Amino acid sequence: MKNLKKIASTALLAGITALFGMGSAQAALPIQHWTLANGAKVYLVSTNALPIVDVQIDFDAGSRRDPAAQAGLASTSAAMVEKGVRAGRNGEPALDQNALGEAWADLGASFDVSAGTDRTSYTLRTLSDPALLTKAVALAAREIGEPSFPDDIWPRERERINAAIKEANTKPATVVGRAFAQAVYGTHPYGQEVTEATLARIDTAAMRQRYEQLILPCRAKLSIVGAVTRAEAEALATTLLSRLPSPAACAPLPAIAPVVALTAPKDERIAFDSAQAHVFIGQPGYPRQDPDHFALTLGNYVLGGGGFVSRLTEEVREKRGLAYSVYSGFAPGLDAGAFRIGFQTRPDQAEAATKVSRDVLAKFVAEGPTEKELKAAKDNLIGGFPLLLDSNRKLIGNVANIAWYGLPLDYLDTWTARMNAVTAADIQAAFARKLQPQRMVTVVVGGKQAAAAQ
Amino acid sequence: MKHLSPRRAASGAVLALALSALWTVPAQAQSTPAPAASTPTAAAPGPQQFTLANGMTVIVQTDRRSPTAVQMVWVRVGSMDEVDGTTGVAHVLEHMLFKGTKSVPAGEFSRRVAALGGQENAFTMRDATGYYQQIPVGSLEQVMKLESDRFANNQWPDDEFKREIEVVKEERRLRTDDQPRALLGEQQSAAVFTASPYRRPVVGWMSDLESMTPADARAFFQRWYVPANAVLVVAGDVDVARVRALAEKYYGSIPARAVPERKPRTEPAQRGIRRLEFKAPAEQAYVSLAFRVPQLTNIDDANSDAWALVVLSAVLDGYAGARLDRALTQGPGRVADSAGAYAGFIGRGPQLFMLDGVPAAGKTAETVEAALRAQVARVAKEGVGEAELARVKTQWVASETYKRDSVMAQARELGSNWIQGLPLDASERIVARLQAVTAAQVQAVAAKYFGDDQLTVATLRPLPPEPKRGRGFAAPVGEMR
């Protein structure tokens, strides 16, 4: 087993040698990868730096697969997995949510289930002490494979979510996010909104049915980082999925239509009584597999991703004092997540700040970065490469990313070289391909003038 | 709603940051470090501490897992060191430290750190102000040079201040003015404390920000940014002797000055319940109960009730399905959508035990208030079980291992502990003290500290949203009852 330092320093070395066109025999992130008999794909980084084991299991079961009428099915199903397990197939007693909470606390371990737009993720963090590890894996296996989706819990859970939605709707940040998603994504599931009406159409039967289709070993991607050998990891992975039904093969899931490009600009002004207006400007971005990913990552650093040193921060915050937070970013996923500029400012300044941001964006898309800016972006992102790998938490994030998008196992070995190869012209061309400042969505929530205009 | 470890309890660092830190750059725009960290492995050496000739403390924690390092400078000055009329100046000054020195122009500090592959930020709390960079270890000397320069030589033209104060006002609007529960918290602190400077918000009152001058920030810098009032923490793939040499070279040359005298501003005893109501646009009501509790002044004080109070908070709310969750948020008769408990125990100012909750649909804040207090009363009457006591202790022990996964958190914990005057091994000793707490002690503190006289109840009364309401932008008014 390697320790983290070796992992990160060989990564640097690999990057440097790649610059000179030489291959490196050592992997940046020494990922072992294999497929279990049940079809699950396993990705392991074995490191004994700490007596900890982290596991992340991802399924193509995010909210993008929610039926429109039942928006929220993925996230509520994930939450309900934590509400109890039925009696086990080997005669283990059923456990309710409190028994589960106590059991995890007694192990000093944590287990979470959550759903994002693309994936449903199960994450386990436990000490590697064999007695604890064995129990934690066994308990996680029950939660993954034998959730009870208790009927008596769901109605009050739904009440609680409904109340939280109502509360969130009193905040300008919620209102701007919803209007922006609807305008950018149209009918694509990335834009679906969870409401009281969609929650009313969800019951535990729908959760169970969905679970049977999507949460299967042959659809699982397991990432494991920590103090386990390959043999231990294989046993652990097998156990974690052992209580799920295991069909011989999984039928491919239905394709999801891509996010549709915008055909015209859209300006939305929503009246809201708040101390700040919240502003989003953007459009559909790109899927993570897009070959422009490196150029767009470097370019966005210059435009609005680089903390204190981006063009947007310089123009909106540093020069004019218009906002505390201003940023730009892409959200690439399996589908084309949105590109977005976001900031909050005193309502009477919203139009001025919007104009400044649009001007910065238009100029950047038209001209790309200067050579000096490109160098600064590379200095930070490439120079900071070791910071991406200096904890088990960060390692498992990288491993799960490689697993989820099917990136090559040597992805991090070639990462530095690919970033280095990007030119200013590449960035300009990539931004021109991806962004059309003349037909973006602009949503401004807040301001008296907006109230008067409505 | 699941907690990896009993929340916000076992270390001063976690505690202080969870309470009220303001950050120079919002997390949105920059990746902030994951929580985690101290306690060296059996093989690794523990942290080393020494003092420079000018009085500045240096702490070095070697962790050779990765070729990275963290530099943090913590200054023992925060909003509690401010005076009325210039509240928020500690935080404003923290922003101004990015605006240059005699030799480094405005904005250049951040550009250089970025060019070194680094991540950086700064934060202000009641008790302290902190600055940090995470860097590939080869850049350590450069960031030590930069950081020591601005600690000694921060200077900027008035024009930079004029724009930055607008940024800070936007920060206040974002964090507080549009957040009803944050506004309520601000009002509650002002009601709980009378003489203690903890009564004022870290970000400052808006009118103080509006009338703040460049001279206010410069005077605060001159007064408090003194070597003997600060600690340099370096953690990561570093050699202690090398860091010591660099610290002496860059920080050791800063002239020594006296740390200003601090007035105690001792909080008078509370003698009777205080209540306040606050109306703001919201759907959900919310209630927060603050009980005055003893403050730990010495972690060797095994007899302090603070230890058992921390255990009580974990028994109430330390894990999914703990007492508050179970009693208030579950079942057909549930009264709350969420409920929490939190015990403050170490700080430069007086500490509070907090209970809070969001009423379920159709339930009142009064019902939640009563239910929260009933759970403490139940512990006072019936005690706690050995199993739940063991459970929260298990989590603390495990969290000591999980914390080691982040060099950043190691540095944060060491810096925070120094601010509180705690020793290098405070975290382990705190966990050991908590392990020793008995069920009888938990029962005793539940009976002792939760009467009416030491309590301040703050209730958020929702103003239903009216889309066409032309309410203007005057801040909602809190009222004492």
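Q: Before we get to helix packing, how are the axes and angles set up here?
A: An axis is a line fitted to C-alpha atoms, for helices over the stretch in contact, and angles run from 0 to 180 degrees between N-to-C directions. Bear in mind that this is a predicted model.

Q: Ok, so how do H13 and H15 of chain A cross?
A: The axes of H13(A), residues 371-383, and H15(A), residues 411-421, come within 10 Å and cross at roughly 175°. Angles over 145 degrees count as roughly antiparallel, so H13(A) is roughly antiparallel to H15(A).

Q: Which residues make that contact?
A: From H13(A) you have A:Lys378, A:Leu381 and A:Ile382, and from H15(A) A:Thr416, A:Met419 and A:Asn420. By class that contact has three nonpolar, two polar and one charged residues.

Q: Switching to sheets. What's the strand order in the six-stranded one in chain A?
A: It goes S1-S2-S8-S3-S7-S6, an open sheet with mixed pairing. S1 (32-35) and S6 (110-115) stand at the edges with a single partner strand each, so one side of each has no neighbour in the sheet. On average, neighbouring strands are turned by 15° against each other, direction ignored.

Q: And S3 with S8, parallel or antiparallel?
A: Antiparallel, with six bridges joining S3(A) (residues 52-59) to S8(A) (residues 221-226). For a specific pair, A:Ile57 has A:Leu222 in S8(A) as its bridge partner.

Q: Which strands does H4 of chain A touch?
A: H4(A), residues 130-145, packs on the sheet and touches S3, S6 and S7 (120-127) of chain A. The direction of H4(A) makes about 160° with that of S7(A).

Q: What about H14 of chain A, which strands does it lie across?
A: H14(A), residues 392-405, lies across S2 (41-46), S3 and S8 of chain A, running at about 155° to S8(A).

Q: There's a five-stranded sheet in chain A too. What's its order?
A: S9-S13-S10-S12-S11, again an open sheet with mixed pairing. Here S9 (266-270) and S11 (326-329) are at the edges, each with a single partner strand, so one side of each is left without a neighbour in the sheet. Neighbouring strands are turned by 10° on average, direction ignored.

Q: How many bridges join S9 to S13 there?
A: Five, and S9(A) and S13(A) (residues 441-445) run parallel. One pair to look at is A:Ile270, whose bridge partner in S13(A) is A:Val445.

Q: Which strands do H6 and H10 of chain A lie across?
A: H6(A), residues 172-185, lies across S9, S10 (277-284), S12 (338-345) and S13 of chain A, at about 160° to S13(A). H10(A), residues 293-305, lies across S11 and S12 of chain A, at about 160° to S11(A).

Q: Now the nonpolar cores. Which residues in the largest one touch the most other members?
A: A:Val399, B:Leu309, B:Val311 and B:Leu312, out of 146 residues. The largest share, 10 residues, comes from H10(B), residues 306-317. Apart from that core lies another, of 128 residues, including A:Tyr301, A:Phe330, B:Ile165 and B:Val168.

Q: Back to A:Val399, what does it touch?
A: Not counting residues up to four places away in sequence, A:Val399 touches A:Leu29, A:Ile31, A:Tyr43, A:Val45, A:Ser223 and A:Val225.

Q: Last topic, how many residues of each chain are in contact across the A/B interface?
A: 63 residues of chain B are in contact with 62 of chain A. On the chain B side, H5(B) gives the largest share, nine residues. By class, that side has 24 nonpolar, 17 polar and 22 charged residues.

Methods: Residues numbered from 1 in each chain as written. Chains lettered and ligands numbered in written order. Predicted model: local features only at pLDDT ≥ 70, side-chain atom pairs only at ≥ 80, totals over all residues. Contact = placed C-beta atoms within 7 Å. Helix = DSSP H or I, 4+ residues; strand = E, 2+ residues; numbered from the N terminus. Nonpolar A, V, L, I, M, F, W, Y, C, P; charged D, E, K, R; others polar. Pairing = 2+ DSSP bridges. Core = buried A, V, L, I, M, F, W, Y, C linked by C-beta atoms within 7 Å. Buried ≥ 20, exposed ≤ 12 C-beta atoms within 10 Å, placed from the backbone. Parallel < 35°, antiparallel > 145°, perpendicular 65-115°, else oblique.
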